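This report covers a ligand site and a sheet. Please look over the model first.

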Amino acid sequence: MKYFKKELLKKHTSFKIGGPAECYCTVKTIEDVKQALKYANDKKMAVSVIGAGTNLLISDDGIKGLVINISRGLNGIKIEDDKIVVGSGVMLQRLIRFAAKKSLGGLEFLAGVPGSVGGAILMNAGAWGKTIGKYVKSVKVLDHNGNEKIILRKDMGFAYRKSILQGVEQIVVEVVLKLRKMKKKTIEQKIAEFVGKRKNRHPLGSPNCGSVFKNPEGKIAAILIEDAGCKGMRIGDAQVSMKHANFIVNLGDAKASDVVKLITVVQGKVKTKHRIKLEPEVKIMVESKT
Ligand SMILES: Cc1cc2nc3c(=O)[nH]c(=O)nc-3n(C[C@H](O)[C@H](O)[C@H](O)COP(=O)(O)OP(=O)(O)OC[C@H]3O[C@@H](n4cnc5c(N)ncnc54)[C@H](O)[C@@H]3O)c2cc1C
C-alpha cells in the first residue's frame with residue numbers, strides 16, 4: 001500500500017475543487033481498506049472516505065488525516081440468482097450496464113448519474129422519483145477499527161438523499177441489490193431515454209457537483225432559485241448555472257470558499273423570496289469524517 005502526502009483532492013472531485021489531503025491512499029480490496037484503517041489508527045490520524053467525488057465540496061485547506069479513495073478498487077460485481085453483489089467502488093454506470101447485459105432491470109433511472117456505488121448508498125442517490133435504496137437488500141460496512149457488519153435494508157434509514165450511514169464512521173464496502181428480470185431491449189431503451197433527458201437539462205460542460213440543494217417537500221429547488229433571481233449569479237469563478245439553477249458550475253478556478261459564499265447568498269435570497277430554507281445536498285467536507 002502506498003500513502004501519499006499532500007495529494008490535491010481537486011484532482012479527485014467532479015467540481016475540480018479541494019485542497020490537499022494530509023495523507024491519501026487508494027484501495028483495491030476490503031483487506032486494503034482494513035490495512036489503511038490500521039495505518040491511520042497507528043498514526044492516530046482521522047479517516048475520511050471519498051468515492052468518485054461527484055457529490056463533494058472539499059475545503060480549500062484540504063482535509064486532515066488519511067483520505068481513503070474507494071473508487072479505484074473494490075470493483076467486483078457478480079450475479080447470485082436475481083441479486084447483484086457489487087463492490088462499493090464500482091461506478092453506477094458500469095453497474096447499470098452490467099445489469100442490462102444480464103437482463104436485470106430497475107436501476108435505469110440512475111442512467112447518467114456519476115459516482116460510485118458506495119457514494120450512491122450513503123446518499124441514497126435517486127432521480128425521476130426513484131432511489132437506489134429501494135433496490136438494496138443489504139450493505140456490508142466496516143467501522144474505523146476494521147470490523148465488518150451487514151446492515152439490512154430495513155435498518156438503512158433510507159429517505160430522500162439520506163441513509164443511516166451519513167455522519168457516522170462506517171465505510172461501505174459491498175452491496176447486495178435485488179433487481180427484476182426484464183427484457184434487455186426494454187432496459188436499454190429506458191437507459192437511453194434517461195440519459196437523453198439529462199443531456200437536455202444539466203450543464204454537463206463545466207465542472208460541478210450535481211444538484212447543490214435538496215428539493216424541499218413538494219417544491220423544486222431549481223425553480224425557487226430561479227424565481228429568487230439567482231440564475232447566473234457569480235462569486236469568483238463559481239456561478240449559479242444559466243442552464244439549471246440548482247447547479248453551481250466551476251468556470252475555471254473556483255475556490256470552495258467562493259462556492260460556500262454563493263450557497264449562502266442563494267439560501268438568503270430564496271429565504272427572503274419564498275420563506276424556505278434550502279438545505280445543501282452536496283456534502284461539504286471541511287474536516288475528517290465519512
Ligand atoms: C453531473 C452530476 C449529476 C448528478 N445527478 C445526480 C442525481 O440525479 N441524483 C443523485 O442522487 N445524485 C446526483 N449527483 C450526485 C452524485 O453523483 C451522487 O450523489 C453519487 O451517488 C455520489 O457518489 P460518489 O462516489 O461520487 O460519492 P462522493 O462524492 O465521493 O462522496 C459522497 C459522500 O459519500 C461518502 N462516501 C463515498 N463513498 C463511500 C463509501 N464507500 N463508504 C462510506 N461513505 C462513502 C463520502 O464521504 C461523502 O460523504 C450528480 C452529480 C453530478 C456531478
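Which residue of β17 is the bridge partner of A238? The model is predicted.

## The sheet

The bridge partner of A238 in β17 is N250. Strand β16, residues 238–240, pairs with β17 in the antiparallel sense. Three bridges join these two strands.

The sheet is open and has three strands, in the order β15-β16-β17. Its pairing is antiparallel. β15 (234–235) and β17 (248–250) are the edge strands. Each has a single partner strand, so one side of each lacks a neighbour in the sheet.

## The helix on the sheet

Helix α6 spans residues 256–274 and packs on this sheet. The helix touches β15, β16 and β17. The direction of α6 makes about 25 degrees with that of β16.

## The ligand shell

The ligand is surrounded by 35 residues. V49, G51, T54, S116 and G126 are the closest. By class, the shell holds 17 nonpolar, 15 polar and three charged residues.

Several elements supply at least two shell residues each: β3 (47–50), α3 (117–123), β9 (126–127), β13 (170–178) and β18 (283–285). α3 gives the most, with five residues.

## Polar contacts and cover

A backbone N or O atom of V49 is 2.6 Å from a ligand oxygen. For a backbone N or O atom of G53, the distance to a ligand oxygen is 2.8 Å. S116 uses its side chain: an N or O atom there is 2.6 Å from an oxygen of the ligand.

On its own, the ligand has 970 Å² of accessible area, and the protein covers 96% of this.

Methods:
Residues are numbered from 1 along each chain as its sequence is written. This is a predicted model: local features need pLDDT of at least 70, side-chain atom pairs count only at pLDDT 80 or more; totals for chains, interfaces and linings use all residues. Side-chain values use heavy atoms; hydrogens and water are left out. A residue is near a molecule or strand if one of its heavy atoms lies within 4 Å of it. A polar contact is a pair of N or O atoms within 3.5 Å; within protein, one must be able to donate a hydrogen and the other to accept it, and residues adjacent in sequence count only if both atoms are side-chain atoms. Accessible areas come from the Shrake-Rupley method with a 1.4 Å probe; for residues, only the protein chains shown count as cover. Helices (H or I, at least four residues) and strands (E, at least two) are DSSP runs, numbered from the N terminus. Ala, Val, Leu, Ile, Met, Phe, Trp, Tyr, Cys and Pro count as nonpolar, Asp, Glu, Lys and Arg as charged, and the others, Gly among them, as polar. Two strands pair if DSSP finds at least two bridges between them. Contact means heavy atoms within 4.5 Å. Axes are lines fitted to C-alpha atoms, for helices over the stretch in contact, and angles run from 0 to 180 degrees between N-to-C directions.
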